[in-house]
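Here's a quick tour of one structure, heading by heading. Have a look at it first, then read on.

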Amino acid sequence: MTDLDALQPLSPLWAGRLHLMLELMATLAFALSGVLEAARKRLDMVGVVVVAFAAAFGGGTLRDLLLDHRPFFWVQDTFFLWLVIVVCAAAMLFMRQHHLQPTERAIVWPDAIGLGLFTVIGEERALALGQPALVAVMMGVITSVFGGVLRDVLCNEVPRALADHRPYALWAFAGGWLYWALRLALPVWLCISVGVTAIAGLRLLSVWRDWRLPAWRQ
Amino acid sequence: MTDLDALQPLSPLWAGRLHLMLELMATLAFALSGVLEAARKRLDMVGVVVVAFAAAFGGGTLRDLLLDHRPFFWVQDTFFLWLVIVVCAAAMLFMRQHHLQPTERAIVWPDAIGLGLFTVIGEERALALGQPALVAVMMGVITSVFGGVLRDVLCNEVPRALADHRPYALWAFAGGWLYWALRLALPVWLCISVGVTAIAGLRLLSVWRDWRLPAWRQ
Amino acid sequence: MTDLDALQPLSPLWAGRLHLMLELMATLAFALSGVLEAARKRLDMVGVVVVAFAAAFGGGTLRDLLLDHRPFFWVQDTFFLWLVIVVCAAAMLFMRQHHLQPTERAIVWPDAIGLGLFTVIGEERALALGQPALVAVMMGVITSVFGGVLRDVLCNEVPRALADHRPYALWAFAGGWLYWALRLALPVWLCISVGVTAIAGLRLLSVWRDWRLPAWRQ
C-alpha cells in the first residue's frame, strides 16, 4: 500500500529510466518491422535503413512536433540513432547469412509490441504536458500508428493500419482510454504494464483469430 | 457605412466566433470527402476514420506547424475531434443502411466548399501573424490543398489536386490573391464571403464545364 | 595563413551571402528535378509547380521544423518562392516550345548537385545551432534527401533514393562525415567546396559507372 503510494508520483530519475527503456524497446521493435518490410519490397541497403528510421522515429517525432516538445528524444539521446543503425546492419547481415526470407507474418510480433509501447509512451508524454484526455489518447495513437503508416507510404503501399480489416489502430485507441482510466487510480508502473499487455495482446489475438472489423460492404 | 467601418477592426469575440464557424464547416466538408474517398478504396472502418482525420486536420495542422502557432485548433477545441468521430460514424451507418455507393462525383461538392473555406481561413491566420502577402497566400493554398493531398497519398493514389487537369489549387492561389486585394479595402466579413464563393464557385464551374489546364503535351 | 585564419570565423555578412547563394542554387537544382519528374508523370500544370515546390522546399523545411528554426528560409526571403514560380513557368514554356521529352537521365544532374549543396547547408545550420555530430550529419541527409522522397511520394512512386540500388543517400551520409571532419581543421569555404564536389561527384560517378549497393539477395 505504501509502496504503491510511493510510486504514484514516480521519482523523476526512475520515471526517466523507465521511460527511456520503454522508448528503446518500442524503437527497436518498429525499426525491425521497417527492416522486414523494406526487405520484402526489395529496397536497396540504404532504403532499408531509411525505412527502418522512418518506422522507428516517425511516430515519436510527429508527436514531439505536435506537442512542441524539444529536443526530440533522438536528439537528446543520439544513442538511439546509433542503435538503429547497428540493428539494421545486424539484421541485414543475419538475414543474408541465414538466407531468411522475411514473410509478412514476421512483422506481426515486433509491430504488435511496438504498438502497445508507443501508445502508452505517447499518451503519457501528452498527459505530462497537461493535454486533455482525448488529445492525449490521440497522441498515443499517432505515436504508435504514424511510424507504420510512413513505412508503408515510403514502400508505396496502402498503409496496413488502414486497410488490414483486422483491428490495429482501434486497439491503440481503446487501450489509450483504458490507460487513461487506470491512471486515475493506479500507480504508473502498473498502468503501463496493463496497458502495453492489453494492446499488444489484443492485436496479436486479432491476427491469430482473424477478427475482422465490420466491412464496408464487400 | 458606419456599420462597415465598425466591422473593419472586427471585435475579437465576433472574429473568433466567425473563424470558429468557418473552420468547423471546412473541417466537416473535408472529413466527408475523406470518408467518401476511403469508402471508395474499400479501406476498413479505422482506415475511413484515419483518412477522414487526415483530410480534415492535415492542412490546418501543417499550416499551424509552419506558422509555429500553438495550440493547434483541434487541441484548443477538442470539440472538433469529437465532431469528426461522430460524423464518420454517422456517415458510415447512413451509407450502410441506404446501400449508397459513394461515387467520385459525390466528393466534388464538399471538396470545393472546403477548398474555398480553408484557403481564406489559412490566409487570414497568416495575415494576422504579419506574414508577407505571398507567404500568406501560400499558407492559404497549403491549408486547403494539403489535407486532400494527404488523403490521396494515404489511399495510394496520385493526389487528385496534382493530376486532375481541371484547375483546383490554381483557384485557391488566384482566390488567395483576390482575398488579399479585397482585404486592403473591404470589411472582413465581405472579403470572406466573396473569397469563399469565388473559389468554391470557380472550382465547381471547372468540374461542371470540364475546363482543362493547358496539358503537358498529350 | 592569416587569410585562412581570418576566414575561419567567417564574417557574418559573408557567411550570410555564401549561405544564401548556395541555398539558392540547391533550391533551383531540386525545383528543376521536380519539374522534370512531374512532367514525366504527366501531371497537370499545377501539379508540376507543386511537385517542384515540394522537391525544392521539402528538405529545408523539414530540417527547420526539426531544428525549430524560424522563420523558414523561404519566409525570410520570399524571393525564393517567386524564383521557383518563375523557373517552373520558364521550364514549362521552354520544354513545350522545344518539344523536349524529359528523360529519367535529365534529372540526374540537378539532382546530384542539389544533393551535395543541401547536405552541406543542412549540416552547417545544425552545427551552428550546436547539435551533436551525428544529429548534424542526419540533418544534412534529411535536408538533401527528403525533398526528393516527397517528390516521388507525390508522384506515387517508390522513392528513387530508397530503391535505386546506386548509392545516393549513402554519399550524403559519408560526405556529411567528411565535411564534419574537414570543419575541425579547414576554413569554411574550403570545406564547403570539397564537401559539395565530393558528394555530387561521387553520385554522378555512381550513376555513370553503375556502381551497385550490395543487393538484398536478388
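Predicted model: local features only at pLDDT ≥ 70, side-chain atom pairs only at ≥ 80, totals over all residues.

## How the copies relate

The copies use different surfaces: 12% of the contact residues of chain C recur in chain A, where contact means heavy atoms within 4.5 Å.

## The nonpolar core

The largest nonpolar core has 193 residues, and those touching the most other members are F57(A), W74(A), F57(B), W74(B), F57(C) and W74(C). Such a core is a set of buried Ala, Val, Leu, Ile, Met, Phe, Trp, Tyr and Cys residues joined through side-chain atoms within 4.5 Å; buried is under 20% relative accessible area, with a 1.4 Å probe and protein chains only.

What does F57(C) contact, leaving aside its neighbours within four places in sequence? The list is T27(C), F73(C), W74(C), F80(C), L81(C) and V84(C).

## Cysteines

Search the whole structure and you get 0 disulfides over all chains, a disulfide being a pair of cysteine sulfur atoms within 2.5 Å. C155(A) is buried at 0% relative accessible area, and C88(C) counts as buried at 0% too.

## Bookkeeping

Residues are numbered from 1 along each chain as its sequence is written, and chains are lettered from A and ligands numbered from 1 in the order in which they are written. Local features need pLDDT of at least 70, side-chain atom pairs count only at pLDDT 80 or more, and totals for chains, interfaces and linings use all residues, while side-chain values use heavy atoms, leaving out hydrogens and water.

Note on methods. Buried < 20%, exposed > 50% of the residue type's maximum accessible area, 1.4 Å probe, protein only.
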